[in-house]
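Biologist: I would like to learn how to read a model feature by feature. Please give the general idea each time, then the case at hand.

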Amino acid sequence: MAVKKTLYIQERVSKRTKRSTFYVRIPYKDGTEYIKLFAEKDYGSRQEAYEAALYNRDHHMKKVKQQETAKKQANFTVFEMFNRSNVLIMRTKGTIKKANKRFNTYIRNEYGTQNFREIKRSDIINCLNAAVKAGASQATLSEVYTIWKKIFQAAIIDELIDASPADYIEIPKSRKPRAKRDVTTSYATLEQVIQALRKHSSHQPRHMYDTEVIIKSLLVGYGTGLRPGEVLALSRNDIDFEKHIINLWREVGSDEENLVTLRDTKTELSKRIVPMNELVETVLKDLCDEVVTDLLFLDHKGDLFNTNNVSNKIGRVCKDEGIKFVRYDMRHQFTIDLLDMGTDTKTVMELMGHNNLAMTFSYDRSRIKDKEEAIKNRILT
């Protein structure tokens, strides 16, 4: 079969009938293509079939160009492009939920109904400066700026614009005072937290059950230094009571489809083997005896706990009782205790599942008592 080509038109000549068929093939940017056939036998002559193919090609190319022009002139609002960014750019449900909160607080009222094409670099800077005046933290300012970048990134993906006004903007400094917080805790403080949780739990069996599971997760976290989500993802198959170890490879978190789900650990180095002490082993043995499911830390309905909801519950109870406690401080204390004992830093890093030693050392901040001791023992000259 002989083949001849012109722009977006391909001719095929049948060896049997000696007649031509013209294929109009126009590729689209998304990887698909437009195809239409024009056979000589349908048009009476090769020339008429060819002219019909030419007309179809030119007509379709003009239509495509008009559609592209209309798309480039489309008047989407900032709010619409924000929603579009949540569809086009892969992020977890938890990240999207947080972004929605920041957008509604710092962007939507002032810019939500505005045509996104009218947004200038100065508008984004003004938005960030307004957030500074509203008392936003440095982390929040970074999140607001990221939202603006994602909005215009989505517009570029959709080929609505060629460049983003959100590029090359320096995030202003937050004016929110950041008081240094003592990140240490103790087992005595944990016992106070446990008592407070039981005190504030209703006497309904389902609430009491959930409270006891949360308490057990705190005890395991204190004894192992695991991240909260790592504790809540433990199953009986992860625990080897003969070797006294936990094989850690996943955590509770969010992904692109679920707000609460099981997923791989934070990093590859977070997949690790953690030895159990007597406290942890006792708690986990009790759980293995009490529950019939493979997963050990499920609520009364058999669902995974939402780590943020658990933290918020603990925070409310501690605030009501005047207890200074943050669940993540147990992880800091675990690192501090091991380093104070003279444990090799690489061993501590591996137990914590850190990517590097710098992260491990960042957990070993000077404590209030150390500073008091330094001032007390200062030699005056």
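Modeller: Start with strand pairing. Helices (H or I, at least four residues) and strands (E, at least two) are DSSP runs, numbered from the N terminus, and two strands pair if DSSP finds at least two bridges between them. Here strand 2 (residues 9–13) runs antiparallel to strand 3, and five bridges join them.

Biologist: What should I know about the origin of the model and the numbering?

Modeller: This is a predicted model, in which local features need pLDDT of at least 70 and side-chain atom pairs count only at pLDDT 80 or more, while totals for chains, interfaces and linings use all residues. Residues are numbered from 1 along each chain as its sequence is written, and side-chain values use heavy atoms, with hydrogens and water left out.

Biologist: How many bridges pair strand 3 with strand 4?

Modeller: Strand 3 (residues 20–27) and strand 4 (residues 33–39) pair over seven bridges in the antiparallel sense. Isoleucine 26 has tyrosine 34 of strand 4 as its bridge partner. These two strands also form a hairpin, with five residues between them, and glycine 31 in the turn has a positive phi of about 100°.

Biologist: In which order do the strands of the open sheet lie?

Modeller: Three strands form that sheet in the order 5-6-9, with antiparallel pairing. Strand 5 (239–240) and strand 9 (272–275) are at the edges with a single partner strand each, so one side of each has no neighbour in the sheet.

Biologist: Which residues of strand 7 are buried?

Modeller: Buried means under 20% relative accessible area, exposed over 50%, and partly exposed in between (1.4 Å probe, protein chains only). In strand 7 (residues 250–253), Arg250 and Val252 on one side and Glu251 and Gly253 on the other are all buried, which covers both faces. Strand 7 and strand 8 (residues 261–264) run antiparallel, joined by four bridges, and arginine 250 stands opposite aspartate 264.

Biologist: Is asparagine 109 buried or exposed?

Modeller: Asparagine 109 counts as exposed because its relative accessibility is 76%. This residue is found in helix 5 (residues 108–111). Its C-alpha atom is separated by 9.9 Å from that of phenylalanine 79, 30 residues apart along the chain. Arginine 178 is also exposed, with a relative accessible area of 75%, and is found in the loop between helix 7 (138–157) and helix 8. The C-alpha atoms of arginine 178 and tryptophan 148 are 30 residues apart along the chain and separated by 25 Å.

Biologist: How is a pair of packed helices described?

Modeller: Two packed helices are described by the angle between their axes and the distance between the axes. Axes are lines fitted to C-alpha atoms, for helices over the stretch in contact, and angles run from 0 to 180 degrees between N-to-C directions. Angles under 35 degrees count as roughly parallel, over 145 as roughly antiparallel, 65 to 115 as roughly perpendicular and the rest as oblique. Helix 8 and helix 9 pack at about 170°, with their axes 10 Å apart, and are therefore roughly antiparallel.

Biologist: At what angle do helix 9 and helix 12 cross?

Modeller: The axes of helix 9 (residues 205–224) and helix 12 (residues 307–321) cross at roughly 95° and come within 12 Å. The two helices are therefore roughly perpendicular to each other. The contact (heavy atoms within 4.5 Å) is made by Thr211, Ile214 and Leu218 of helix 9 and Val310, Lys313 and Ile314 of helix 12.

Biologist: Which residues touch the most other members of the largest nonpolar core?

Modeller: A nonpolar core is a set of buried Ala, Val, Leu, Ile, Met, Phe, Trp, Tyr and Cys residues joined through side-chain atoms within 4.5 Å. In the largest one, with 39 residues, they are Leu284, Phe297 and Ile314. Helix 9 supplies the largest share of this core, seven residues. A second, separate core of 24 residues includes Ile119, Ile147, Ala154 and Ile169.
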